[in-house]
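Please walk me through this structure, one part at a time.

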Amino acid sequence: MVLYKIISVLLLLCSMAFPAMAADQVLRVMSHDSFSMDAAHVRAFEEAHGVKVRFLKASGTGAALNQAILSRGKPMADVFYGVDNTFMGRALEADIFLPHASPLLENVPDHLKLDPSFRLTPMAHGDICINYDKAWFAQKGLQPPASLKDLLKPEYKGLLVVQNPATSSPGLGFLLATVDAFGEDGWLAFWEGLRKNDVRVVASWKEAYWGHFTAASKGKRPLVVSYGASPAAEVHFAENKPEKSPTAAITAKGTGFRQVEFAGILRGTALPELAALWLDWMLDKPVQEAIPLSMFMFPANEKAELPEVFQRHAVKLEGTGGLSSERIHAMREVWMDSWTRAVLR
Amino acid sequence: MDTGGSAVRKAVFFKGLLFLIPALFLAYFYFYPLLRMAGLGFSGIWAGDPGLARFFGSRDFVSVLAFTFWQALLSTLLTLVFALPGAWVWARFRFPGRGIFALVVSLPFVLPAVVVAAAFLSLLGPSGILADLSSFLFGRPLYLEDSLILVLLAHGFFNYAVVFRIVGGFWARIPESVWEAARILGAGSFRSFLHVALPLLAPALLSASLLVFLFCFSSFGIILMLGGPAMSTLETEIYRRAMHLFQLPVATLLACVQLILNFAVIFVQGRLEKRFQTALAFSGKPENSLSHGKKRLPVLLALVSGTIMALPLSAMVLASLRVGDSWSLAAYTQLFRESGDGLFLISPAAAMGHSLIFALASMSVALLTGLCAAAFLSRSDLRGKNLMETFFMLPLATSAVPLGLGFILALHWPIDLRGTPLLIVMAHSLVGFPFVMRVLLPAFRSVPKNLMEAAMTLGASPARTWRLVLFPLVLPAVGAAAIFAFTISLGEFGASLFAVRPELATLPVSIYRYLSHPGALNYPKAMAMGVWLMVMTAGSFWLLSRLMGLMKTRSTQDEK
């Protein structure tokens, strides 16, 4: 009888823990940790289509995609947001997305439409590059580095913090920038040089930026791998909106990597039409215009107007690299293993 | 009146149920996901994955394995050196604040690794208290980051309670007459320790050491957060390979190596524990042998030990009160005011509510399954019982990553549980289950078998025997197990690595989110939530001690 009592208490607890096993249709959107969106926008979509939107988040860009691939055929969600061009080869090879040629793609520039099969819809892009602390360099009377090669000079010893490419997508983007800049024969030598010049490696962007970057923490490194939009974020989040950003990004040709983020409809979903509506809606002007300040990336839709702080303080690279996503897909693991051995072991 | 045959059938049915409940629970939520995951990994191995040769062919594998052993061994030794004096003082002497001392040193074990790591960094990190103090005193900041020393210290801090509870608990029950005999025979305190205490304590010591070794061997959060990206143990390598690099074949092989080693350690530890629990049979009441604090050394030892253990905890409290460059309670007042956006960042108060609900639900599941398992194992005459016990204990130290990925791969059948709160409850219960079983087994074993048989012969049904004979006897242990499972769920963090609903975040997950968000108030807020978690845990422990006290007075009254 004790058993029955325990079981009934258990059932009671369960019913408390799961209020209303939701009678309405639920659209499930899976993404990575950095995904964010205006709650008001989500409510508007819910009301317009009479559905409930539920989000699922799983650590980093790579980890989230891997979980989506693991659930191939029996997806945990209907839409996935956050495949980037460093991982798109893996996503396409695993074939976890349904094609959807959104009519809004006509407002997206061609260089972002990297998937001719329309399984991945471009949503946003941002340039991974080195940011520096303006005040720090002014105070030392030092010029910030002008190229990646400059980072090997003794005056920049111990100044740079980067992310581990195995656990962080800006880290992986920066690794690809070095492969692009120095060629497949020269990039490892560059990293060996960086290691001698006391480069600091941390696991994630947050740790690097908010834990070590002098302009954003009590840290000791005035150079950090971040995004071209980060200076705009510095102004946006500052309490007394300064005229100029305390940080700047290095945008010379051959110093960074353009990251493109895609979304797609997960194969096996019970709601493919609704999922397609969600993609179109995300690619439309209202949501696209909110992307800069919710995720600090540039919108893919050219018709979307940038907020003022973005127009003034966010920058793009002067020329992007020539690594194809096929080449990246073929070599990514080999490069990461070589990098780990050269820089960490 | 039942016939004899139906009574036997009923007993068999009851025993079967006792086995089936935990067995089905483990089979579906533990072995099935793991096997599915292993299947995927091995099919990659079969297909000749090129990553395998790159990893196992290089020196990487050997160095990872060697380092994992090495740091676990060092951590275990450090924990022993650190915790034994505390265990001795607590076991043998009465001194003011003995209860608080036991509480302070036990708390860290159930704190989530995120909180322990943050506490250590706010004490010893680059912008921690030590750095501030040393730059004030010597004009030069002293600090630790990404270092083995930091990891070892945190492991010692974390596992102090294991040694303290197991060895201290055993020590307290060795009767005073043993020490008196040694003294009369002319043994000094050192010699009596070496020749009398040590041999007596050996099984408990070994058992505690093995457990600490197991926890350090599979430690995850502390290595990841305090060791830096270059530090690599089996557990963190499984995480990086499986979660980020998606090299499932490599991760699967590593997980197999780890599982086999865990199995061996748990098996040996279980046998050892059974041995010293039977050895305890001779013991008297623990409290009788306590000497009053006449000596200064024990009090001093307790003070030093307790202070060291309290340092990281107080560093956390200080950090929660420090906003920018001034002192303020803002972090605490904000905890209940802030609403978050309800979608991606929920309010701390809501997180607290989720934590409580999940903890209550998973406590119930862990208790039900653990109770059945312990009852079954203590009554069973089956051969291979020890092996079965080891199987039941396996979730104790299984890597969260293969299991979590296995959930995603497997648990959509027969109904899709992925992304539901039930899965979080089950994941928490899996971690709590072995602890519940560990606490209950000795209690069940100490119930004399003939007592149950007598009740049955007198015509009581199995359920009635349980309710009227067995249950009252093991009730204190059940209370202890419940609180253990509850606090373990409160501190559980690993589930957040996987696709989870951000609006259902628990307290440890929120702490992690706030820790990695910019803004002057977010760090103190994360620390304030850590303090809350600590208070909730300490509250549960206090409740536990009251409960045990109540049981004790009731049972002594019964004796009279």
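α21(B) is mostly covered, with nine of its nine residues buried. A residue is buried if 20 or more other C-beta atoms lie within 10 Å of its own, exposed if 12 or fewer, and partly exposed in between, with C-beta atoms placed from the backbone. The buried residues of α21(B) are L507(B), P508(B), V509(B), S510(B), I511(B), Y512(B), R513(B), Y514(B) and L515(B). Helices (H or I, at least four residues) and strands (E, at least two) are DSSP runs, numbered from the N terminus.

This is a predicted model, in which local features need pLDDT of at least 70, side-chain atom pairs count only at pLDDT 80 or more, and totals for chains, interfaces and linings use all residues. Residues are numbered from 1 along each chain as its sequence is written, while chains are lettered from A and ligands numbered from 1 in the order in which they are written.

Now take chain B as a whole. Its domain assignment gives domain 1 (1–43 + 341–555) and domain 2 (52–318). Such bounds come from an automatic or database domain assignment. The C-alpha centres of domain 1 of chain B and domain 2 of chain B are 23 Å apart. Across the boundary, 37 residues of domain 1 of chain B are in contact with 37 residues of domain 2 of chain B. Contact here is defined by C-beta atoms, placed from the backbone, that lie within 7 Å.

Which elements give two or more residues to the side of domain 1 of chain B that touches domain 2 of chain B? They are α1 (4–46), α16 (385–393), α17 (400–410), α20 (462–491), α21 (507–515) and α22 (522–559) of chain B. The largest share of that side, nine residues, comes from α22(B). By class, this side of domain 1 of chain B holds 27 nonpolar, nine polar and one charged. Ala, Val, Leu, Ile, Met, Phe, Trp, Tyr, Cys and Pro count as nonpolar, Asp, Glu, Lys and Arg as charged, and the others, Gly among them, as polar.

Next comes the meeting of the two chains. The contact takes 45 residues from chain A and 40 residues from chain B. Several elements of chain A each supply at least two residues of the side that touches chain B, including β1 (26–31), α2 (39–49) and β2 (52–57). The largest share of the side of chain A that touches chain B is eight residues, from α1(A). That side of chain A divides into 28 nonpolar, nine polar and eight charged residues.

β1(A) and β2(A) pair in the parallel sense over six bridges. Two strands pair if DSSP finds at least two bridges between them. V26(A) has K52(A) as its bridge partner in β2(A). On the other pairing, two bridges join β1(A) to β3 (residues 79–84) of chain A, and these strands run parallel. There, V29(A) stands opposite V79(A) in β3(A).

Chain A also has assigned domains: domain 1 (2–125 + 260–305) and domain 2 (126–257 + 316–343). Their centres, taken over C-alpha atoms, are separated by 29 Å. The contact takes 16 residues from domain 1 of chain A and 17 residues from domain 2 of chain A.

Methods:
Contact = placed C-beta atoms within 7 Å.
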